[in-house]
Amino acid sequence: MESVVLYPSPGMGHLISMVELGKLILKHHPSFSITILIVTPPYNTGSTAPYLSRVSSTFPSISFLHLPTISLPLDSFHSPHLETLVFEFLRLNNPNLHQALLSISDNSTVRALIVDVFCTAALPVAAQLNIPSYYFFTSGAACLASFLYFPFIHNQTTKSFKDLNIHLHIPGIPPFLASDMPKPMLDREDKAYEFFLDMSVHLPRSAGIIINTFEALEPRAVKAISDGLCVVDGLTPPIFCIGPLIAADGRSSGGCGGGVPECLTWLDSQPKRSVLFLCFGGLGLFSEEQLKEIAIGLEGSGKRFLWVVRSPPSGDPMRRFLPPVDPDLNSLLPDGFLDRTRERGLVVNTWAPQVAVLNHDSVGGFVTHCGWNSVLEAVCAGVPMVAWPLYAEQRLNRVVMVKEMKLALSMEESEEGFVTATEVEKRVRELMESEEGNSLRLRVMAMKEAAEAAMSHGGSSLTALTELVKSWRLG
């Protein structure tokens with residue numbers, strides 16, 4: 001029996017991407033067995049149990065192996081970035097990983113260990129057991145290009161990105177401000193910076209990098225990486241663009257009790273392509289002041305909208321790793337807003353089935369935090385975007401979405417990251433009624449077709465998958 005072991009970092013987005021990769025491998029190469037290693041972190045990532053049990057019952061060839069829980073004193077983490085905690089937690093999991101790989105190897109030949117970028121500490125464990133390691137990069141090729149080039153930039157300066165008031169020129173990507181690099185990498189003195197640098201140094205040392213993108217979406221970045229332009233002083237491993245991988249049923253962790261969510265029923269009664277969808281990912285939280293500005297902007301635009309609202313972040317540092325409480329919409333939003341917009345807007349508490357919403361005929365635009373899964377979901381649904389990045393690599397994604405792909409408008413914020421109601425109203429109108437909004441819509445519809453072609457027989461992504469599997473068998 002030949003098996004492939006997948007090792008995602010904690011968090012629903014990373015888990016879903018890995019599961020979709022497992023499904024893709026099995027669909028086209030069913031002789032493999034897939035084991036996905038599950039770690040339980042000491043902080044909130046949302047409940048994964050219902051999702052895992054649904055996958056297990058639908059795809060019996062995918063098995064989940066829960067690694068033993070390890071303790072991690074949260075109060076010892078002084079970095080403001082969750083990513084530091086993730087890297088450290090996964091590093092401490094190495095003994096459990098070693099044991100898991102040994103036990104899987106008892107019954108099958110492990111052809112590959114596929115790790116998330118946060119699981120970089122796993123590479124020496126796999127090497128010790130003579131198992132080839134591949135990265136699964138769950139963001140786009142542009143972001144990968146920036147990570148591969150990062151060690152070179154690091155060696156060219158002693159300053160932090162936040163203090164470099166310059167545009168970075170990275171092969172395959174439009175020039176962008178140094179301050180648009182992923183947030184955890186902005187401060188050279190932060191532990192998160194050190195972890196990301198270590199990960200970027202290790203990326204080229206893997207047996208290959210699998211990317212959740214497709215060539216037609218990011219041709220320049222894919223070519224720059226493939227041509228070896230991004231790894232300045234070493235060899236670039238093979239890259240495999242096998243996307244777009246998205247979960248057909250979305251992040252079905254919200255409480256709709258198996259029935260049709262209210263928001264989908266509401267969309268059924270709206271005109272075609274008339275509704276703007278606003279949703280900002282699992283960690284996308286706004287202050288009460290910012291929520292009120294968004295509401296005023298939406299009301300002023302006169303457009304139909306479906307808006308997912310989460311509670312503002314807690315000011316208590318000890319609560320930052322705990323699940324947020326449900327929002328009290330009446331107190332968070334302006335007085336009378338819900339009544340005044342009742343005929344044309346729906347505000348949803350905390351969660352909506354994003355893939356189903358984006359694919360609904362009534363949806364004509366999407367205000368997104370630029371998380372890569374969300375970008376791919378919008379592309380596959382043919383929905384143009386307004387880019388409002390909040391964390392992680394999302395500012396870099398915005399640059400690429402707006403300047404390179406031309407599939408989104410940019411939401412402009414103040415230096416502190418605040419967006420005014422006037423700006424919200426302006427961008428909503430621009431996307432939903434202007435000539436530029438219409439040209440974005442045409443471009444994204446063409447890209448939707450390109451995505452379908454990439455994943456069809458003989459398409460670029462399925463060809464890349466065949467090459468990937470061939471590399472395991474030649475191993």
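Hi everyone, thanks for coming. Before anything else, please keep in mind that this is a predicted model.

Let me start with the second largest pocket. Its volume comes to about 420 Å³. What lines the second largest pocket? There are 16 lining residues, and those nearest the centre are Glu20, Pro244, Leu245, Ile246 and Met455. Two elements, α1 (12–28) and α17 (435–454), each give two or more residues to that lining. Of the elements, α1 contributes the most, with 5 residues.

The lining splits into 10 nonpolar, 5 charged and 1 polar residue.

Now, on to the cysteines. How many disulfides does the count come to? The answer is 0. Let me walk you through two of the residues behind that.

Take Cys230, which is in no disulfide. The nearest cysteine sulfur belongs to Cys143, and that sulfur is 12 Å away. Cys230 is also buried, with a relative accessible area of 1%.

Is Cys279 buried or exposed? Cys279 is buried, with a relative accessible area of 9%.

That's my tour, and I'm happy to go back to the structure with anyone who would like another look.

Notes: Residues numbered from 1 in each chain as written. Predicted model: local features only at pLDDT ≥ 70, side-chain atom pairs only at ≥ 80, totals over all residues. Heavy atoms only, no water. 1 Å grid on protein atoms, 1.4 Å probe; cavity = no way out; pocket = protein on both sides within 12 Å on 5 of 7 lines; lining within 4 Å. Points joined across faces, edges and corners; volume = space filled by probe spheres on them. Helix = DSSP H or I, 4+ residues; strand = E, 2+ residues; numbered from the N terminus. Nonpolar A, V, L, I, M, F, W, Y, C, P; charged D, E, K, R; others polar. Disulfide = S-S within 2.5 Å. Buried < 20%, exposed > 50% of the residue type's maximum accessible area, 1.4 Å probe, protein only.
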